[in-house]
Amino acid sequence: MTISANVRTPEQLFGRSVRYVVPAYQRRYVWNEQDQWEPLWEDVERLADAYLDLIGNGDTQVSEDDAPKHFLGAVVFQQEVTPAGSIEIRRVIDGQQRLTTLQILLDAVQEVYEQQAHELEARRLQRLVLNDELDTGGDEVAGYKVWPSENDQQEFRFAMRNDATGPRPEDSLIVDAHDYFKEQVTRWLTEQTDLETAVAGLSVVLARMLQLVVIDLDADAEPQVIFETLNARGTPLLQADLVRNYMILKAKAEGLDEDAFNREWLLPFNTQWWQEQVRFGRYVRARFEQFLYYWIMMRTARDIRVDDVFRGFQRYVDDEVASIESVAAEIKQSAEVFEWLEGGDSTKVSTRWYPYLSTRQQLDISVDTPVMLWLFKQNLPQATLELVMAAFESWYVRRILWGRLLTSDNRVLMALLARLVRSEDGEATADTVVDFFKNQEADRMSWTDDDEFFRTLAGVKSYGRLSRARVLYLLSRIESHLRTSQAEDVAWLNNIQIEHVMPRKWQKHWPLTGQMGEGFTSEEEYRDYVLNCLGNLTLITGKLNSSVSNGPWKRKRKALDRHSVLFLNKDVLDQGKDSWSVDDIEERSERLAKLALEIWPGPDKF
């Protein structure tokens, strides 16, 4: 393999008939005004002003050594094998963002020159953005010196055509970049006293005084070697970009059409939902990268670091996979499962799975994802899947509400996945999962039994011990459990808040009654503790909360009776006919704890 590195100007890069083609695996154009366009234009403007000062008298014949220069960075190309007599083609391995931006800048200046009738300089710059029609046989696409990946082609064509018609593409960074540079060039020209000299001088600066380091790889370079050469500058390649790149290179090596491969298997992941930045753990990544992280753990049954997604994927493909197309098909299938696990497509979800999916969302559970991806890949009976999800939910939620730390969950669930992978009996999957959770002996990992779970919920304060989100989740699940099939289907979780039936500021309207708890030094201390217990908590809307929050019981009871349709509040009203006391709180705590035992059955129920 031959690698050469040389300093090149735009005139040397684009001055002949050549096409720099951005491969399908490359990401969309992402440069923006604040971080890249504005600094680039400021550099070009300073260079042009310095050059005009240098030639002062209008003489543009300045020695190349004396002229100012500006370094734009590096690009990596690979030579494509092309038929004799056709245009030279080079694949853009790295630097597509700066190469595309440079073309947009050149074309924006060219268009302004054309509009202002600077015809000679407009034609000179046009040679740097378009190939000669005779060389391309009239092919419009082949006419562009740089041709982006499929995601950006339509917007690039619109931006680069001076006579473009039709609606302006919305939210297009490429079109916005072209407009930005046109605006800056127009402004700069209006500030010049010698317009003709300025026009010619800017052309010289753009063509000969900008520099890039061009790294050329020959056509015989191995895809893996090319890939290892990648070192994105400006906007670093993400793990998902590396995986996408590697898949395209493998597809090409296997004789597949890389554009068709990209369209069928990878392009669907460029939607807004898949590219949205999401948090998992302490990381923030695109959702597609999050999915790949879980998918690789599912396929290897090994825990990996988020920053090792590509290496994990590469090892799996190289060691265990015969065809990259089979990998792509499997990723697409798993992506459908991941999408509805994350709430992206509820049409594929059985209504019997809603409670579990709601639990995942409200408690921000994600560690189960590799296991869930594996389970749904096995085409197990629905009853088996439901039993597995019920067991996992009980194991997880009981530990959360008990207050156990969850720092080792990822390691434990990888051990479960490894055990499932080793098992060959699909019918025994549910038993494998249940037995695994039952046999967790470490205190933090064990499956909380009924007695311990009941004592925790009935006898220990919930508000303050648990986060507000977890208390809200607990109460909302109890509310769902209380609702019958004949109850109204209401969106009661909208604008819902946790309410203390006996308010935290009880002193004005809730006089002491002489009830004293064991181990407390005063009735006030005892009451302040009990009012945060489960039995004193309910759910109401924000508006209702503000109107009754610290008021006396009779007024609060009347408001709940008149405005609330929640079963949790019906339970409060049925119990608190005349008053709401510490005894009422303790009794209701036990009643709600028993309901929690029904919602999340203990290990002896499986």
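How many cavities of 30 Å³ or more does the structure hold? The structure, a predicted model, holds 4 of them.

**Second largest cavity**

- The second largest cavity has a volume of about 50 Å³.
- Its lining consists of Asp-368, Val-371, Met-372, Leu-375, Val-388, Phe-392, Leu-413, Leu-416, Val-433 and Phe-437.
- By class, the lining of this cavity has 9 nonpolar residues, no polar ones and 1 charged.
- Four helices, α17 (369-377), α18 (382-402), α19 (409-422) and α20 (429-438), each supply at least two residues of that lining.
- Helix α17 has the largest share, with 3 residues.

**Second largest pocket**

- The second largest pocket holds about 620 Å³ of space.
- Elements giving two or more residues to the lining of this pocket are α7 (173-190), α10 (239-253) and α12 (272-275).
- Which element gives the most to the lining of the second largest pocket? It is α10, with 3 residues.
- In total, 24 residues line the second largest pocket.
- Nearest the centre of the pocket lie Arg-28, Tyr-29, Val-30, Asn-270 and Gln-275.
- The lining of the pocket divides into 9 nonpolar, 8 polar and 7 charged residues.

**Aromatic pairs**

- A pair of aromatic rings is described by the distance of the centres and the angle of the planes.
- The count comes to 37 aromatic pairs.
- Tyr-246 and Phe-310 form one of these pairs, with ring centres 5.7 Å apart.
- Why is the pair of Tyr-246 and Phe-310 edge-to-face? Their planes stand at 75 degrees, and planes over 60 degrees apart count as edge-to-face.
- Tyr-246 belongs to helix α10 and Phe-310 to helix α14 (residues 309-320), so this pair ties together parts that are 64 residues apart in sequence.
- Tyr-246 is buried, at a relative accessible area of 4%.
- Phe-310 counts as buried too, at 3% relative accessibility.
- Tyr-293 and Tyr-294 also pair, with 5.1 Å from centre to centre and 55 degrees between the planes. This pair is tilted.
- Are Tyr-293 and Tyr-294 buried or exposed? Tyr-293 counts as buried at 8% relative accessibility, and Tyr-294 counts as buried at 3%.
- Ring pairs also link Tyr-356, Phe-392, Trp-395, Tyr-396, Phe-436, Phe-437, Trp-447 and Phe-606 into a cluster.
- Among the members of this cluster are Phe-392 and Phe-437, and both residues line the second largest cavity.

**Thr-456 site**

- Thr-456 lies in helix α21, which spans residues 450-459.
- Why does Thr-456 count as buried? Its relative accessibility is 9%, and buried means under 20%.
- A polar atom of the Thr-456 side chain lies 2.8 Å from the backbone oxygen of Glu-452.
- Which residues does Thr-456 touch, not counting those up to four places away in sequence? They are Leu-401, Trp-402 and Arg-465.
- Helix α18 (382-402) takes in the positions of two of these contacts, Leu-401 and Trp-402.

Methods
Residues are numbered from 1 along each chain as its sequence is written. This is a predicted model: local features need pLDDT of at least 70, side-chain atom pairs count only at pLDDT 80 or more; totals for chains, interfaces and linings use all residues. Side-chain values use heavy atoms; hydrogens and water are left out. Buried means under 20% relative accessible area, exposed over 50%, partly exposed in between (1.4 Å probe, protein chains only). A polar contact is a pair of N or O atoms within 3.5 Å; within protein, one must be able to donate a hydrogen and the other to accept it, and residues adjacent in sequence count only if both atoms are side-chain atoms. Contact means heavy atoms within 4.5 Å. On a 1 Å grid over the protein atoms alone, a cavity is a set of points where a 1.4 Å probe fits but cannot get out, and a pocket is an open set with protein on both sides within 12 Å along at least five of seven lines; lining residues have an atom within 4 Å of a point. Grid points are joined across faces, edges and corners, and a volume is the space filled by probe spheres set on the points. Ala, Val, Leu, Ile, Met, Phe, Trp, Tyr, Cys and Pro count as nonpolar, Asp, Glu, Lys and Arg as charged, and the others, Gly among them, as polar. Rings of Phe, Tyr and Trp (its six-membered ring) pair if their centres lie within 6.5 Å; planes under 30 degrees apart count as stacked, over 60 as edge-to-face and the rest as tilted.
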